Amino acid sequence: MVDIKGIQISIALPSSILEESNDLRDATNKIGSIGRTCAIGRVKRIYVYDDPVGKFEWQAQVLTRILEYMDYPQYLRRRHLPLRKELAHAGILPPLRTPPHQVPSDPRQVNEGDHREGIIVQVNNDLHIDVGFKSPIPFEGTGKKGERHAVQILGSHPNHRGIAVSREHLKMYWGYHVERVKTLSGLLKDCNTHSIIFTSRKGKSAASSWDDLLRAVRGSVNLLLIFGGPRRGIFEILEAEGKSPNAFEGSVLNFFPNQGTLTLRTEEAILSSLAVINLAIAMVIS
């Protein structure tokens, strides 16, 4: 699972993405598909922005917490994630099976140089990190109690230590980070160094714009894909904010121009878009 030459993919989803979910179980199932798709597509950051047409705070909270829960390795969930009502159906979520989720639980099988995910804890007056062993191991680096960190294992059993490493410096895909933002237009303004791609049925076919897409991938290490909701696309959402996609630099692309169904669910749009983006990246770096 070697990373793709430092190119970082981010996506932005509206808080209304669960608008048509019947209940919490249905919403959990949808979010499970989204989280799994993001991991397959090597998404580094998931932004959840507010849809101004309606009140979707509960939906945004459910979306954020379940996506965060999925990204946590199981050995950290049991000890560090409190039970919340939003996680009532967490048992139906698919496993991500990303590298930090596929590590041995027996410290005797862990070698110096291995990487793991952990939570900083305090032991007496010293910082240690819980990486899923029976006891936390000494932590080397800067951090605070309760913070989550990737670490590289130093030493051998039973004298393991963990030194902090940046996710961005790891050579393999390490999962995603979830972030709430207030408005889509505000996010676009803050991400003006990214290559921005608006996904919309109103856009040009990704096939007819293939050369432009390759140039966008080649010209930036940060790609941001913007998705609309089940009842309002990005044009309608930005218009409700008093903005237009034309006010921002970026491409408006249709990644599924010949769909055989009347509608395309957001989770299906994410899967098809990420498949095309990863193909474009593979062509650029090959």
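## The second largest pocket

Let's start with helix α2, which gives the most to the lining of the second largest pocket: four residues. Keep in mind that this is a predicted model. The pocket has a volume of about 710 Å³. It is lined by 32 residues, and R148, R167, Y176, H177 and V178 sit closest to its centre. Two or more lining residues come from each of β1 (8–14), β2 (43–49), α2 (57–71), β6 (148–154) and β8 (177–181).

What kinds of residues are these? The lining of the second largest pocket splits into 13 nonpolar, eight polar and 11 charged residues. Two domains take part, too: domain 1 (8–97 + 177–285) and domain 2 (104–165) each supply at least three residues of this lining.

## The largest pocket

Now for the largest pocket, which holds about 830 Å³ of space. Its lining has 33 residues, with G229, P230, L264, R265 and T266 nearest the centre. Helix α7 provides the largest share of that lining, five residues. Among the other elements that supply at least two are α1 (24–40) and β9 (195–205).

Sorted by class, the lining of the largest pocket comes out as nine nonpolar, 14 polar and 10 charged residues.

## The barrel

Look for five strands forming a closed barrel, in the order β3-β4-β5-β7-β6, with mixed pairing. From one strand to the next, the twist averages 55 degrees.

For a parallel pair, pick out β5 (residues 137–140) and β7 (residues 161–165), which pair over two bridges. Which residue in β7 stands opposite F139? That's G162.

Conventions: Residues numbered from 1 in each chain as written. Predicted model: local features only at pLDDT ≥ 70, side-chain atom pairs only at ≥ 80, totals over all residues. Heavy atoms only, no water. Pairing = 2+ DSSP bridges. Axes fitted to C-alpha atoms, helices over the stretch in contact; angles between N-to-C directions. 1 Å grid on protein atoms, 1.4 Å probe; cavity = no way out; pocket = protein on both sides within 12 Å on 5 of 7 lines; lining within 4 Å. Points joined across faces, edges and corners; volume = space filled by probe spheres on them. Nonpolar A, V, L, I, M, F, W, Y, C, P; charged D, E, K, R; others polar. Domains from an automatic or database assignment.
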